[in-house]
Amino acid sequence: MKCIGPEHPWDDGPKTSVDPTMLYAGQFSKNDGSLVLAGGSNANEARLFDRESLDRCACVIYDLSREVNTVDFGNKGDKFAIGGSDGYVRMFAISGGIIA
């Protein structure tokens, strides 16, 4: 297996679980590729990584009841959504570095 570019360490942000995360979904932001959104199971969380800040974890969405199965960015890169086996789609907006 070959890796293109640096690895994205999952545990560089807040530790929310002792369980390893199985990655189910990942995507680069569509406007410029500067963000990476990823989610999965076991820890049942999604993380947003900032490629322009040395791949640091910029946001953790955790305490979900089930795994994250899909992630997607809006076309302008200012919004993203996660969906999981709990039956919910959660949408977030990014504005000036603040995620709401």
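Q: Which residues form one aromatic cluster here?
A: Phe73, Phe80 and Phe92 make up that cluster. Keep in mind that we're looking at a predicted model.

Q: OK, and how many aromatic pairs turn up in the whole structure?
A: A search of the whole structure gives 2 aromatic pairs. One of them is Phe80 with Phe92, and this pair is stacked: the centres are 5.0 Å apart, with 20° between the planes.

Q: Are Phe80 and Phe92 buried or exposed?
A: Both Phe80 and Phe92 are buried.

Q: What else is Phe80 in contact with?
A: Leaving aside neighbours within four places in sequence, Phe80 contacts a list of residues that includes Leu37, Leu48, Ile61, Phe73, Ile94 and Ile99. Asp72 and Arg90 are also among them.

Q: Let's talk about the core. Which residues of the largest nonpolar core touch the most other members?
A: Those are Leu37, Leu48, Ile61, Phe80 and Ile82, out of 14 residues in that core. So Phe80 shows up again here, as one of these five names.

Q: Which strands supply at least two residues each?
A: That would be β2 (35-41), β3 (46-50), β4 (56-61), β5 (68-73) and β6. The largest share comes from β5, with 3 residues.

Q: Zooming out, how many helices and strands are there?
A: The protein chain has 0 helices and 8 strands. Read along the sequence, the pattern is β-β-β-β-β-β-β-β.

Q: What share of the residues is buried?
A: Buried residues make up 39% of the 100 residues in the protein chain.

Q: And what about the accessible surface of the chain, how much is there?
A: It comes to about 6400 Å², and 53% of that belongs to carbon and sulfur atoms.

Q: New topic: how many disulfides does the count come to?
A: The count comes to 0 disulfides. For Cys57, the nearest cysteine sulfur is that of Cys59, 7.1 Å away.

Q: Why does that rule out a disulfide?
A: Because a disulfide needs the two cysteine sulfur atoms within 2.5 Å, and the sulfur of Cys59 is 7.1 Å from that of Cys57.

Q: Why does Cys57 count as buried?
A: Because its relative accessibility is 12%, and buried means under 20%. Cys59 is buried as well, with a relative accessible area of 16%.

How values were computed. Residues are numbered from 1 along each chain as its sequence is written. This is a predicted model: local features need pLDDT of at least 70, side-chain atom pairs count only at pLDDT 80 or more; totals for chains, interfaces and linings use all residues. Side-chain values use heavy atoms; hydrogens and water are left out. Helices (H or I, at least four residues) and strands (E, at least two) are DSSP runs, numbered from the N terminus. Buried means under 20% relative accessible area, exposed over 50%, partly exposed in between (1.4 Å probe, protein chains only). Accessible areas come from the Shrake-Rupley method with a 1.4 Å probe; for residues, only the protein chains shown count as cover. Rings of Phe, Tyr and Trp (its six-membered ring) pair if their centres lie within 6.5 Å; planes under 30 degrees apart count as stacked, over 60 as edge-to-face and the rest as tilted. A nonpolar core is a set of buried Ala, Val, Leu, Ile, Met, Phe, Trp, Tyr and Cys residues joined through side-chain atoms within 4.5 Å. Contact means heavy atoms within 4.5 Å.
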